[in-house]
Amino acid sequence: MKEAKVTIDRDFSIAETDPRLFGAFVEHLGRCVYGGIYEPGHPTADERGFRRDVLELVRELAPTIIRYPGGNFVSGYNWEDGVGPVENRPRRLDLAWMSTEPNTFGTNEFMDWCQAADVEPMMAVNLGTRGPDDARRLLEYCNFPGGTELSDLRRAHGWEKPHNVRFWCLGNEMDGPWQMETKTAWEYGRIAAEAAKLMKWIDPSIELAACGSSSRNMPTFGSWEDTVLEHSFDHVEYISLHTYLNNYADDTPAFLASPDLMDSFIEEVVAIADAVAARRHSSKRIMLSFDEWNVWYRTRRKNEGRVKLGWPIAPPILEEIYNMQDALAFGGACISLLNHADRIKSACVAQLVNAIAPIMTETGGPAWRQTIFYPFKDMSTLGRGTVLQTKVDSPTYETTYYDPRGTSELRFPLPAVPYLKVSVVHNHDEDCVTIFALNRSLDESLSMKALVRGFDGLKVREAHQLRSDDLMAINTKDAPDTIKPSPLEGVEIRGEQVQARLAPASWNVIRLEVQKH
Ligand code: AHR
C-alpha cells in the first residue's frame, strides 16, 4: 500500500469559496433546454413546462449560478426572438449546432426557471453576429425597472419587476474559428470594452467577464488574454477560462493527471492578468470565471456526436455518457477549482442536463444522475467555507497527457503526478472540516495520513467514497444507481492525526467535526 501525508493548519488558508464557484451552464444545445429543463407535456412538467423531476435533481446537485443561453449558440442569438407571445416567436436556423431553434423558451422563461431552481442567472450577450448596442438593449430589457421602451416591453410581456441580473459574460469563445464571427484579440478587446462601458452606464452594479482563451491549447493562448485585458481591464471584473478534460489516448493515468494541467492554466491566466495590472501600476485584481469546465471527448471531435443532419429541433447531440473514470478526472477538476478559490470567483460545469451533463433525461421519460453528478454535488454542498492550504507529500508517477488541437497533436509531459490530489475546506458555520481526496493509483490503496492542526475535538462526522472495480461502469435509465457513493469505513482519528485507507482509483470525502473556537 502506498502512503501519503497531508498537513493543514487552521490558520493557513487560501480563501473563502465564493458561492458562484459552484455554477453550471444551460445552453440552447441539443436537449439541454428542450427535453431537459423544459418539456411541456412531460408527466412531471409544471404549468410553465418546467420538468419537476429535473428540478429536483438540480436542487440535489446544488449549483448556485447558471450561465445562459450559450456557449457557441449565443454568438448568433437574437434575444428578441425569445421574448413576447410564444406564438409570435420565429423559428431560426442555429448555426452553432446546425439545429432549428423554436424559441419557445427564452430569457423570461429562463429567469422563472432560475427562481424555481433557486439559482442566480448568469447571462451571456452576443458579441459575434451582434455587438455592444444589442448588449445594452438586452440589459435595459432585463434590468431597467420601467419607463423606457425596452423595460416597458418586458413589463408588457408579463414580467413587471426587473430581473436584476448581476453577472454578464461579454460573448463566448471569441478566439475560436468555430465561433460565429470570430475575432482577433484586438477586435474583441475593443468590442468587449465598448460593450462593457455601455452596459455599466445603464447598470453600474453589474459584474462583467471578458472572454479568455477557449482552451489552454489555443495557439493564441496568453497573447489573447494580454491583449483583451489591455483593452478591457478598466471595465471588467473577470476573465474567463474553458477546459474540457479528455481521454482520447485511452490512457487512464494521463487522464487522471489532466486536472493538474488545469492548475497550470489557472496559474498562468492569473499571472497574465496580474502582469497587465502591473504594467498599469494598478492594484486592481482581475478574477477568474471558469465558465465552462468538464470532461468531454466521446462526442466532441466526431461529427456524428456533434451534429444531426436535417436541421432538427433539440437533437440528441453531445450526450456524453460518463463512466467511473470520468467521475475521477472530474473530481480532480473540482479539487483544482477549490484550491484556487482565491482567484476563481465563479465557475460553471458545462453543462447541466443531457448535453455533456451530470443529469440525463429521456424525453417523455425519467431523469437520472450520471457518474459525475456525485463529485459535483460533494463540492457544491460541502465545499462552502475557507479552503485551507495543503502540504502534500505523496508518491508520484510519470505520464504524458495528449490533447489533439485541430490536426496537430499536443503532448504534455507530466514527470511527477502525486497519486493523491486533495483539497480541504473549513466550514465555520457547521463546525466542520471536509477533506476531498482523489487516489489516482489504479491498483493500490493509499494510506492517507492527514495532520489537521489547530482544531480541537476532531471526530468523524461522515465519510464516503465513489469507486468501482469497473472503471468503465456507467449509470443508465435502467440501472441508474450502478455508480453511487458508499460509506468510507475505517477512518481513524488520534489527536490531530486523521488516517484513512483510500481505495485504488477512488474519490473520497471525509467530513470531520471540530469544536467551535
Ligand atoms: O459546452 C459546449 C460548447 O463548448 C460551448 O457551446 C462552447 O462555448 C464550447 O466550445
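Colleague: Which word describes D263, buried or exposed?
Modeller: The relative accessible area of D263 is 14%. The structure is a predicted model, and this value is computed from it. The cut-off for a buried residue is under 20%, so D263 counts as buried.

Colleague: Which residue meets the side chain of D263 in a salt bridge?
Modeller: Side chains of opposite charge can pair when their charged atoms come close. The N to O distance in the salt bridge of D263 is 2.7 Å, and the partner is K421.

Colleague: How many residues apart in sequence are the parts that D263 and K421 tie together?
Modeller: The two side chains form a salt bridge. D263 lies in helix α8 (residues 259-279), whereas K421 lies in strand β19. The pair therefore ties together parts of the chain whose separation in sequence, in residues, is 158.

Colleague: What is the relative accessible area of K421?
Modeller: K421 is the partner of D263 in the salt bridge. K421 is buried, and its relative accessible area is 7%.

Colleague: How far apart are the C-alpha centres of domain 1 and domain 2?
Modeller: Domain 1 is made of two segments, 2-11 and 388-514, and domain 2 covers 18-384. The distance between their C-alpha centres is 28 Å.

Colleague: How many residues does domain 2 bring to the contact with domain 1?
Modeller: The chain is divided into these two domains. On the side of domain 1, the contact takes 47 residues. From domain 2, the number of residues is 48.

Colleague: What area is buried between domain 1 and domain 2?
Modeller: The size of an interface is often given as the accessible area lost when the parts come together. Carbon and sulfur atoms give 64% of that area here. The whole area buried between domain 1 and domain 2 is about 3900 Å².

Colleague: Which three residues supply more than any other three of the area that domain 1 buries against domain 2?
Modeller: The area buried between the two domains is about 3900 Å². Of the part that domain 1 buries, 17% is supplied by three residues. They are Y401, K421 and W507.

Colleague: Which element gives the most residues to the side of domain 1 that touches domain 2?
Modeller: Across the interface there are 21 residue pairs in polar contact. Elements giving two or more residues to the domain 1 side include β18 (408-418), β19 (420-427) and β17 (396-405). With eight residues, the element that gives the most is β17.

Colleague: How many salt bridges are counted between domain 1 and domain 2?
Modeller: R440 and D260 meet through their side chains in a salt bridge, 3.0 Å from N to O. Between domain 1 and domain 2, the count of salt bridges is four.

Colleague: Where does R343 lie?
Modeller: R343 and D274 meet in a salt bridge, 2.8 Å from N to O. The pair links distant parts of the chain, 69 residues apart. D274 is in helix α8, and R343 is in the loop between α10 (324-338) and β12 (344-350).

Colleague: How many of the 11 residues of helix α2 are buried?
Modeller: Among the buried residues of α2 are F110, M111 and W113. The elements that these buried residues pack against include α1 (52-61), α3 (132-143) and α4 (149-156). Helix α2 (residues 107-117) is largely enclosed by the rest of the structure, because the number of its residues that are buried is 10.

Colleague: What is the relative accessibility of N354?
Modeller: N354 is found in the loop between β12 and β13. Most residues other than glycine have a negative phi, and most peptide bonds are trans. Phi of N354 is positive, near 65°. N354 counts as buried, with a relative accessibility of 0%.

Technical notes: Residues numbered from 1 in each chain as written. Predicted model: local features only at pLDDT ≥ 70, side-chain atom pairs only at ≥ 80, totals over all residues. Heavy atoms only, no water. Domains from an automatic or database assignment. Contact = heavy atoms within 4.5 Å. Buried area = accessible area lost by both parts, 1.4 Å probe. Polar contact = N/O pair within 3.5 Å; in protein donor to acceptor, adjacent residues only side chain to side chain. Helix = DSSP H or I, 4+ residues; strand = E, 2+ residues; numbered from the N terminus. Buried < 20%, exposed > 50% of the residue type's maximum accessible area, 1.4 Å probe, protein only.
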